[in-house]
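I opened this notebook to keep track of what I looked up, one entry at a time.

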Amino acid sequence: TIPNKERWVVFTGPYEHHSNLLSWRQSLAEVVEIPANEEGLIDMAALSSALQAPEYSDRPKLGSFSACSNVTGLITDTNAL
């Protein structure tokens, strides 16, 4: 195993396709799902909190978010993200 401080943290959204989630779950990364807000979009406040969470400090981080849901058609504000 690798030390926790070297283990990637991958943040994903609430409407990720299985093919995106599966590859991260099968890796050594810790996958953290960011929930949807009241409008069904990625909760930016929850993402901000997660990025600043002490348990993820000093660890490599990556965001892997869908630009659009293929089920609902909701479009992510990729510029804000």
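This is a predicted model: local features need pLDDT of at least 70, side-chain atom pairs count only at pLDDT 80 or more; totals for chains, interfaces and linings use all residues.

**Entry 1: Phe11.** I next asked which residues Phe11 touches, not counting those up to four places away in sequence. The list I wrote down holds Val32, Ile34, Leu47, Ala50, Leu51, Tyr56, Lys61, Leu62, Gly63, Ser64 and Phe65. Phe11 has a relative accessible area of 1%, and it is therefore counted as buried, the limit being under 20%.

**Entry 2: the aromatic pair.** I then searched for aromatic pairs and found that the structure holds 1. Phe11 and Tyr56 form this pair, which is edge-to-face, with 5.7 Å from centre to centre and 85° between the planes. The pair links distant parts of the chain, since Phe11 belongs to strand E1 (residues 9-12) while Tyr56 sits in the loop between H2 and strand E3 (61-64), 45 residues apart. I checked Tyr56 for burial as well, and its relative accessible area of 9% makes it buried.

**Entry 3: Ala50.** This residue lies in helix H2, and I recorded it as buried, with a relative accessible area of 11%. When I left aside its neighbours within four places in sequence, I found Ala50 in contact with Phe11, Ile34 and Tyr56. For Ala50 and Phe11 I also compared sequence and space: they are 39 residues apart in the one and 8.5 Å apart, C-alpha to C-alpha, in the other.

**Entry 4: Asp43.** Where does Asp43 lie? I placed it in the loop between strand E2 (30-33) and helix H2 (44-52). Asp43 is buried yet has no salt bridge, and I noted that the nearest side chain of opposite charge, Arg25, is 18 Å away. Leaving aside neighbours within four places in sequence, I listed Ile34, Pro35, Ala36 and Asn37 as the contacts of Asp43.

**Entry 5: Asp58.** Is Asp58 buried or exposed? I found 71% relative accessibility, so Asp58 counts as exposed, the limit being over 50%. Asp58 lies in the loop between H2 and E3, and I marked its phi, near 60°, as a positive value in a residue other than glycine.

**Entry 6: the whole chain.** To finish, I stepped back and counted 2 helices and 3 strands in the chain, which follow the pattern β-α-β-α-β when read along the sequence. Buried residues make up 28% of the 81 residues in the chain. Among contacts between residues at least 6 apart in sequence, I noted that 55% join residues at least 24 apart. The C-alpha atoms fill a box of roughly 40 × 25 × 20 Å, taken along the principal axes.

How values were computed. Residues are numbered from 1 along each chain as its sequence is written. Side-chain values use heavy atoms; hydrogens and water are left out. Helices (H or I, at least four residues) and strands (E, at least two) are DSSP runs, numbered from the N terminus. Buried means under 20% relative accessible area, exposed over 50%, partly exposed in between (1.4 Å probe, protein chains only). Lys and Arg count as positive and Asp and Glu as negative; His and the chain ends are not counted. A salt bridge is a side-chain nitrogen of Lys or Arg within 4 Å of a carboxyl oxygen of Asp or Glu. Contact means heavy atoms within 4.5 Å. Rings of Phe, Tyr and Trp (its six-membered ring) pair if their centres lie within 6.5 Å; planes under 30 degrees apart count as stacked, over 60 as edge-to-face and the rest as tilted.
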